[in-house]
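Student: I have a new model open and would like to learn how to read it. Could you walk me through its features?

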Amino acid sequence: MLRFVNQYGRFFAALVRPLVWLFIFAAGFRSVLGVSIIPPYQTYVLYEVYITPGLIGMIHAVQWHADLALDGLRSRDGQYAHADGDPMPRWYLLTCKLLAAVLVSILQVFVYLVIASLFFRIRPPAYGYVAMIPALILAGLMLGSIGLLLSSVIRQLENFAGIMNFVIFPMFFASSALYPLWRMKESSLTLYYICAWNPFSHAVELVRFALYGQVNWQALGVTLAYLFVFLAAAIYGYDPSRGIIARRGGPPG
């Protein structure tokens with residue numbers, strides 16, 4: 001938190017991409033991609049209203065791309081590699097880093113929603129801002145766990161940005177962030193199943209329903225399952241005695 005207070009440019013830089021998508025993409029496709037009445041909406045909604053939960057997920061994803069996983073990759077050969085004498089267990093250190101990144105991204109989400117409400121008429125119910133906080137935490141933890149897992153696998157820091165973009169954008173496009181899954185099912189059944197199993201889709205739907213004071217139980221269960229799997233794999237990957245680092249012969253130095 002102190003780092004983002006002192007380097008507030010990084011805080012707002014993460015908002016540029018979703019706001020550009022909202023300003024250009026939503027405006028350009030509003031008349032082409034109409035959204036029918038689907039839960040949790042009780043009437044027809046503007047396209048920018050529909051993609052807002054997906055753009056919130058993008059803020060989470062950019063956060064673990066730019067800070068959480070990148071810091072983990074740097075720390076793998078530094079802080080965590082020399083923390084064997086630390087009384088705190090490794091899983092505790094990783095989980096705290098994950099929670100810290102999620103808290104920062106939640107602040108970014110609320111700043112984004114304020115801007116969206118002022119300039120794009122995106123105004124969910126007032127109670128939705130409170131109801132979505134647990135969903136934001138779960139979605140952020142799950143997406144952040146993917147970033148930590150990938151950072152335990154990537155060998156070189158120079159390859160990180162390319163690999164992360166290779167992961168982030170397919171996850172974003174092959175999800176329910178930009179269009180309902182029933183539209184995907186009409187065009188390609190294979191792509192529909194890919195989107196249905198995509199962790200990003202369930203994170204987006206969890207936030208979408210929570211923003212309107214509802215619970216998508218399927219999205220909640222799947223998000224929790226993915227969180228458990230990815231976080232456990234990341235903790236294992238960062239264990240120098242058993243994980244991926246051990247199979248490489250340990251960190252340098």
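This is a predicted model: local features need pLDDT of at least 70, side-chain atom pairs count only at pLDDT 80 or more; totals for chains, interfaces and linings use all residues.

Student: What share of the residues is buried?

Tutor: Buried residues account for 51% of the 253 in the chain.

Student: How do I read the span of helix α5?

Tutor: Compare its reach with the expectation of 1.5 Å a residue. Helix α5 covers residues 126-153, and its 28 residues reach 42 Å from first C-alpha to last, close to the expected 40 Å.

Student: Where in α5 is there a kink?

Tutor: Look at Met132, shortly before the proline Pro134: the kink there is about 35°.

Student: And how should I think about a nonpolar core?

Tutor: In soluble globular proteins, nonpolar side chains tend to be buried together. Here the largest nonpolar core has 61 residues, and those touching the most other members include Leu22, Leu55, Tyr112 and Phe172. Helix α5 gives this core its largest share, twelve residues.

Student: Which residues does Leu55 contact, leaving aside neighbours within four places in sequence?

Tutor: Leu55 is in contact with Pro18, Trp21, Leu22, Tyr112 and Phe172. For the chain as a whole, among contacts between residues at least 6 apart in sequence, 74% join residues at least 24 apart.

Definitions and conventions. Residues are numbered from 1 along each chain as its sequence is written. Side-chain values use heavy atoms; hydrogens and water are left out. Buried means under 20% relative accessible area, exposed over 50%, partly exposed in between (1.4 Å probe, protein chains only). Contact means heavy atoms within 4.5 Å. Helices (H or I, at least four residues) and strands (E, at least two) are DSSP runs, numbered from the N terminus. The expected span of a helix is 1.5 Å times one less than its number of residues. The bend at a residue is the angle between axes fitted to the seven residues ending there and the seven starting there. A nonpolar core is a set of buried Ala, Val, Leu, Ile, Met, Phe, Trp, Tyr and Cys residues joined through side-chain atoms within 4.5 Å.
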